[in-house]
Each structure stands twice: as structure tokens, then as C-alpha cells.
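Visitor: I'm new here and would like a friendly tour. Could you bring the molecule up, and then I'll start asking?

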Amino acid sequence: MTAKAACSDFLHFFRSWISNPLRVAAIAPSGDSLARIMTSEIAALDGPIIELGPGTGVFTRALLARGVSEADLTLIEYGPEFITALQARFPMARVLQMDAAQLAHADIFEGEPVGAVVSGLPLLSMSPRKIASILAGAFAYMRPGGAVYQFTYGPRCPVPRPILDRLGLKAVRIGGTVRNLPPASVYRISRRKPLELSRERFSYRESEAELDDIAAFSNETGGRTMMPG
């Protein structure tokens, strides 16, 4: 990417953050260092791949550099201000404007063909219910052995432990970088054991006990579940 294009992306991203800081959650696009960590475990054979919240396409370019075919990418972006640029930059990719929380009901694939999901979503500014919906939807399309790669600006995994437990998932930190604005960490989220999260069976309704567990987690971390991630 040229310096002029990078400057344009920064201004575009910054304006989007000014207009809706909770949705965009960062004042600048993710850097190349973070993009390399996010995609370090993904290979060309892992396609098709879903990217959630691609924004200006930093992680998308890193996926292409890893050998993933552009035609194997499905880019799911909620912000209308990013859609046109994504379609122009990645004309062979499928670009969908939608809420990632509706992923399970969107019928974007038949069966479970996805090898990985790369997420640039600000999970720590989202409700527990929405986080659970996004993860359940992602794993409804996931092949056995596939994973969600999620970054965060916070000190720990952005998915509360009760949600991981409820969905039968585990999270492992695979790296971090201070060469990002702000500094960030990357987590691999995968199944603990074979678990079917089909669209037909998809349902996430917190019991009162689960809501208490999630609230306790939030209190334990000093309310940091509302930080941008």
C-alpha cells in the first residue's frame, strides 16, 4: 500500500471513529505487525475464510499475502462507509453488509466449509449476548479444527469465560505487539471438543445463573468488558 493510500485509510477510519466510537472502537486501522500475528496460523488450504469487520482491509491483505485466494474470502462489514472501498480493493471477494451477530441465520454457506474466521470486531464494547451470538454463528460454519482469531486492546481475552464455557470453547493467546495503535494481543478461539452449532440448533439464551457469572466476571476485571477491543 502506498503512503498516500495509508494516509487516506487513516483519515477514513478516524472519521468513522469520530462518528461512532463504540462501533469502530479504534482511532486508526490495525497495523501490519498485528495483521501478521492475526494471520500467522492461516494457510491457503484453510479457505474459505470469513473476515468479520474488515474495515479498510488490513487483515484482508495479510490473508492474501499468506496465499489465501481472494475468491475464498467472505468479508462481513456492518459499516456502510467501508463497503465501497472493500468492493473496489477486493473485487473477487464476497463483501456482505450485515451485523455479524446475525451470522448464524444468514445462510452464507451450505454445510460447514470454513477453515478460519478472522475478527476485527470490538468485542469488549459489545454485550455478552451479542458476543455469544457472533461466536456461535462463526462456529456454525466452521470445519473441525478451525478457529476464530480475535484481537483485543485489553489485558485478557475479550470473551468472558462463562461464554466460552457455555459454547464449549477455549481461548489461547498466540501473540501480541506494541507496534500497533493501541498495542494489541491476539487470541485463538477454538472448540474444546466436537460441538455442533448448526444454524437450525443455534440458540443462546442466558440463564439467570449465567448472567450472574458474566456480571461477576465484569466486576472482577473492574468493568473492563466495556473497553474497546
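Visitor: Which residues does Lys 130 touch, not counting residues up to four places away in sequence?

Guide: First, this is a predicted model, where local features need pLDDT of at least 70, side-chain atom pairs count only at pLDDT 80 or more, and totals for chains, interfaces and linings use all residues. Residues are numbered from 1 along each chain as its sequence is written, and side-chain values use heavy atoms, with hydrogens and water left out. Lys 130 sits in helix α6; helices here are DSSP runs of H or I with at least four residues, strands are runs of E with at least two, and both are numbered from the N terminus. Taking contact as heavy atoms within 4.5 Å, Lys 130 touches Asp 99 and Ala 101.

Visitor: How far apart in space are Lys 130 and Ala 101, C-alpha to C-alpha?

Guide: In sequence, Lys 130 and Ala 101 are 29 residues apart. In space, C-alpha to C-alpha, their separation is 6.0 Å.

Visitor: With which side chain does the side chain of Lys 130 make a polar contact?

Guide: A polar contact is a pair of N or O atoms within 3.5 Å; within protein, one must be able to donate a hydrogen and the other to accept it, and residues adjacent in sequence count only if both atoms are side-chain atoms. The Lys 130 side chain has such a partner at 3.4 Å, and that partner is the side chain of Asp 99.

Visitor: Is Lys 130 buried, partly exposed or exposed?

Guide: Buried means under 20% relative accessible area and exposed means over 50%, with partly exposed in between (1.4 Å probe, protein chains only). Lys 130 has 30% relative accessibility, so the label is partly exposed.

Visitor: Which element gives the largest share of the lining of the second largest cavity?

Guide: A cavity is a set of points on a 1 Å grid over the protein atoms alone where a 1.4 Å probe fits but cannot get out, and lining residues have an atom within 4 Å of a point. β4 (114-119), α6 (128-140) and β5 (142-152) each supply at least two lining residues. The largest share, four residues, comes from α6.

Visitor: How many charged residues does that lining have?

Guide: Asp, Glu, Lys and Arg count as charged; Ala, Val, Leu, Ile, Met, Phe, Trp, Tyr, Cys and Pro as nonpolar; the others, Gly among them, as polar. The lining includes Leu 123, Ser 119 and Gln 150. By class there are nine nonpolar and two polar residues, while the charged count is no residues.

Visitor: Is Leu 123 buried or exposed?

Guide: Leu 123 is found in the loop between β4 and α6. Its relative accessible area is 3%, so Leu 123 is buried.

Visitor: Which residues is Thr 39 in contact with, leaving aside its neighbours within four places in sequence?

Guide: Thr 39 lies in helix α3 (residues 32-39) and is buried, with a relative accessible area of 1%. The residues in contact with Thr 39 are Phe 59, Ala 62, Leu 63 and Arg 66.

Visitor: Which residue does Gly 47 join through a cis peptide bond?

Guide: Most peptide bonds are trans. Here omega is about 0°, and the partner of Gly 47 in this cis bond is Pro 48.

Visitor: What is the phi of Asp 107?

Guide: Asp 107 lies in the loop between β3 (94-97) and β4, and counts as exposed at 54% relative accessibility. Asp 107 is not a glycine, yet its phi is positive, about 50°.

Technical notes: On a 1 Å grid over the protein atoms alone, a cavity is a set of points where a 1.4 Å probe fits but cannot get out, and a pocket is an open set with protein on both sides within 12 Å along at least five of seven lines; lining residues have an atom within 4 Å of a point.
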